[in-house]
Amino acid sequence: MKLDTPPLFGIGQSDGNHVVLSSPDGPIAHIFVLEEDIVRVMLLPDGSLQAPKSWTVCPGGEDVASEGRDRFDLSGFSLPRFLLQFNEPHVRIVTEKIRLTISLRGFHCRWEVKQGENWRHAAEDRPTQAYNFGWWDKAVYHYLRRDPDELYFGLGERAGTANRAGQSYQMTNLDAMGYDARSTDPLYKHIPFYLTWKKTQGVPFGLFYDTLADCRFDMGREFDNYHGPYRYFRGEGGDLDLYFIAGDTPMDVTRRYTWLTGRPAMMPKWSLGYSGSTMSYTDAPDAQARMAEFLEKCAEHDILCDSFHLSSGYTSIGPKRYVFNWNYDKFPDPAAFAQSYLDHGVRLCANIKPCLLRDHPRFEEAAAKRLFIRDSDGSPALAQFWDETGAYLDFTNPDTRAWWRERVTEALLQVGIAATWNDNNEFELWNDRARLASGERAYHSRPLHTLLMIQASKQAQSAFAPDKRPFLISRAGAAGMQRYVQTWSGDNYTSWDTLKFNIRMGTGLALSGVSNTGHDIGGFSGPKPDAELLLRWVQFGIFLPRFSIHSWNDDHTVNEPWMYPEITGTIAGLIKLRAQLVPYLYDLLWRSHSDYQPMIRPTFLDFPEDPACFAENDEMMLGPNLLVAAVVEPGRTERRVYLPAGTGWYDVWRGRVHQGGGEVTVPAPLDDRPPLFAREGSAIPVNLAEQHFNRPADGRGFWVFPNAGSGSFTAECFEDDGESAESRHSSWKLSVSGDSCDIKISIACEGPWQRLVLLLPAQEKRSVSLVGATIGSDRVEGGWRRIESIFLVA
């Protein structure tokens, strides 16, 4: 097709919510009206699909078949009624939320969204050559007009600023150890979704490109005089399969995208506790003794610990690592070792890798069974891996998945390992000749192997303990990974810059459907953190869904809670604060699972009406009600914080209420009370029982932050047994109302609790009355007004 003759489309045979536009020159466009707020455009320049299956789209579901989902499968969508208008040379598709106008000459798209009674411009293709109709190469292109007032967020975890405008990003999963959190690109995850905010009109929308091929997003870094301002997507393979997502707010768009790619996994409560880890313990020749020392130190310093990430040194032969191979010199009795940890209330999460080194004890077995991705001659396709060259397992092969599940079960689960830590799973295979079991090229499906690996690990865990919720961790991933795993930002470099920009990386990933995440606290690679940096990192890390201190320092030191004696007590106190907040984190996990709300997020997601929240900042919302203000610069004793407009904010530790819409400066000492603000008119569920290492306890309480004047609010908290796959859940419900003189709190609980502690700011002097319970005591203690209640028995 010549560049000066763009294709002319006409309406082809359509069926229900599937509208077909075709050109006699060969291109076909499929338009799918999936929801009032989701319209999908699939453009095939030569009329055929290159990748007929999807593993990322899973509307409201918890899993996709290992064989993938047919791209023409519309199950799971509501398929609403819509208006189809044909007015040559245009076709218009109208739902309650979206109006898509398509020019039939050249296929030019314009998207509008409805706000109230008005249609607002959202996006449109650039006027010149928006798609590749065979004009340039075999890659997939989509060029959009770029407006100067647009801000872009998401694309998973990316280094640098939260707003992606003016930047360019490569989506190729790499093992980026020691990355610069300000600038390194690419990184570990493949999530081709971003949210646009048009600040002049206050219009949000999302774009999701359903591809697993390597791709590039240029968000206005590139300029070309012949086309005007633009941004673009370029995929190295696959198809242009674009989902346009409308919403009244950025939160609507993020939740809807998360729903589209699958329900976030509901994991056991213990996964939210502190998880110990370091490379050095399992690398040591006396690894089991070193691991025992960790438990002894936790007991000595009263460090609460729920799990431990067991690094890959447990599989070593000499200096190299061989997945599923226990080193019996280091761990003479793996089952007894695992039991010793369980006896202390600590679950082990064992590291596993999808590549077998070529001298792995089971390499020949796997090669004979044709379990590897293969070279053109049928031999295993060798690639550089950690320590040595090896071959990646082909997870598109059902025999490979079955073999993997067997190894996970016999090597780990049967000896008492509680969870899998799926690591080094970026599948760095650059051999363009490599083929899958199906004969297809492997290069354009590398993130698919990551998804199928973690799916197979989860299947093994679920089959082994069907009555328990599985817990998995994965470093790499793709869109939809939230259905299976918790994740983290990979092997970060130890620096203040990393602490600062990891915040943005985490919230950007949360905007992209994956909010059960965290970072290696203290930094993983490079120099050891000094005492101040370690403490500031822990002060921030306790508010992340994944909280793990993990390291492989250049000088062979280990990042541990007791690394610096002068701050060990403070870190122990911070970890106890984390344990106190687990009920709130667990409730957020449930809301993520049930209602697709991100556990962590940037402030603008909750306060889009405040333009200042879209500016670059170092704040983070933990759920809807807590604002975390990390200290990210050395030598600071205070923290300036911008508080979003539209509500008042309590300084949690001092009880003072500040009005939103401006900056405040608060003390930021090096202690176990980091800068933290609670939204006025909220209640935070907490565990107020006294806790010690290996002596868990649970006593429900709420931090209550009433309206400073007159007002009312309701707060609910999800409860269950914390681990059963089909456990019966219960809930708390607090209804709080007040005026200038009195506060009334109604308490309802479905569970077995008989007592509840309410902590109000110590400065709260109004009279408090309870409905559904009686007040046992009311006193000021530990900086709070403490009200102990006893439930009324009918």
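Predicted model: local features only at pLDDT ≥ 70, side-chain atom pairs only at ≥ 80, totals over all residues.
To centre the view, select Ala162, Arg504, Thr507, Pro602 and Asn617, which are the closest to the centre of the cavity among the 16 residues that line it. Then colour helix H8 (496-511) and helix H11 (603-606), each of which supplies at least two residues of this lining. Helix H8 gives the largest share, with 5 residues. The search that found this cavity returned 11 cavities of 30 Å³ or more.

How many of the 16 residues of H8 are buried? The count is 15 of 16, and the helix is accordingly described as mostly covered. A check of its geometry can be made by placing a distance between its end C-alpha atoms, which are 24 Å apart; at 1.5 Å a residue the 16 residues should span 22 Å, and the two values agree.

Follow the chain just past the end of H8 to Gly513, where phi is positive at about 90 degrees. Gly513 also belongs to the lining of the second largest cavity, together with Pro264, Ala265, Met267, Gln482, Val485, Val514, Ser515, Asn516, Leu589 and Ser592. This second cavity has a volume of about 70 Å³, and its lining is made up of 6 nonpolar and 5 polar residues, with no charged residue.

Move on to Thr517, in the loop between H8 and strand E33 (518-521). With a relative accessible area of 1%, Thr517 is buried. Show its side chain and look for the backbone oxygen of Thr487, which that side chain reaches at 3.5 Å. Leaving out residues up to four places away in sequence, the surroundings of Thr517 consist of Thr487, Trp488, Gly506, Leu509, Leu544, Pro545, Arg546 and Ile600, each of which it touches.

From here, select helix H9 (residues 531-541). Why can H9 be called largely enclosed by the rest of the structure? The reason is that 10 of its 11 residues are buried; these are Ala531, Leu533, Leu534, Leu535, Arg536, Trp537, Val538, Gln539, Phe540 and Gly541. At the start of H9, zoom in on Asp530, a side-chain oxygen of which comes to within 3.2 Å of the backbone nitrogen of Glu532.

Continue to Gln597, which sits in the loop between H10 and strand E37 (600-601). Is Gln597 buried or exposed? Its relative accessibility is 19%, and Gln597 therefore counts as buried, the cut-off being under 20%. Apart from neighbours within four places in sequence, Gln597 is in contact with Arg255, Ser515, Arg591 and Ser592; of these contacts, Ser515 and Ser592 may already be on display as part of the lining of the second largest cavity.

The remaining stops concern backbone geometry. Most residues other than glycine have a negative phi, and most peptide bonds are trans. Select Glu88 and Pro89, which are joined by a cis peptide bond with omega at about 15 degrees; Pro89 lies in the loop between strand E7 (83-87) and strand E8 (90-94). Then select Asp185 and Pro186, also joined by a cis peptide bond, here with omega at about 5 degrees; Pro186 is in the loop between strand E14 (168-171) and strand E15 (189-190).

For positive phi in residues other than glycine, go to Asp302, where phi is near 55 degrees. Asp302 is placed in the loop between helix H3 (287-301) and strand E22 (307-310), and it is buried, with a relative accessible area of 18%. Finish at Asp387, which has a positive phi of about 80 degrees although it is not a glycine. Asp387 is found in the loop between strand E27 (382-384) and strand E28 (389-392), where it is partly exposed, with a relative accessible area of 33%.

Methods: Residues numbered from 1 in each chain as written. Heavy atoms only, no water. 1 Å grid on protein atoms, 1.4 Å probe; cavity = no way out; pocket = protein on both sides within 12 Å on 5 of 7 lines; lining within 4 Å. Points joined across faces, edges and corners; volume = space filled by probe spheres on them. Helix = DSSP H or I, 4+ residues; strand = E, 2+ residues; numbered from the N terminus. Nonpolar A, V, L, I, M, F, W, Y, C, P; charged D, E, K, R; others polar. Buried < 20%, exposed > 50% of the residue type's maximum accessible area, 1.4 Å probe, protein only. Polar contact = N/O pair within 3.5 Å; in protein donor to acceptor, adjacent residues only side chain to side chain. Expected span 1.5 Å × (residues − 1). Contact = heavy atoms within 4.5 Å.
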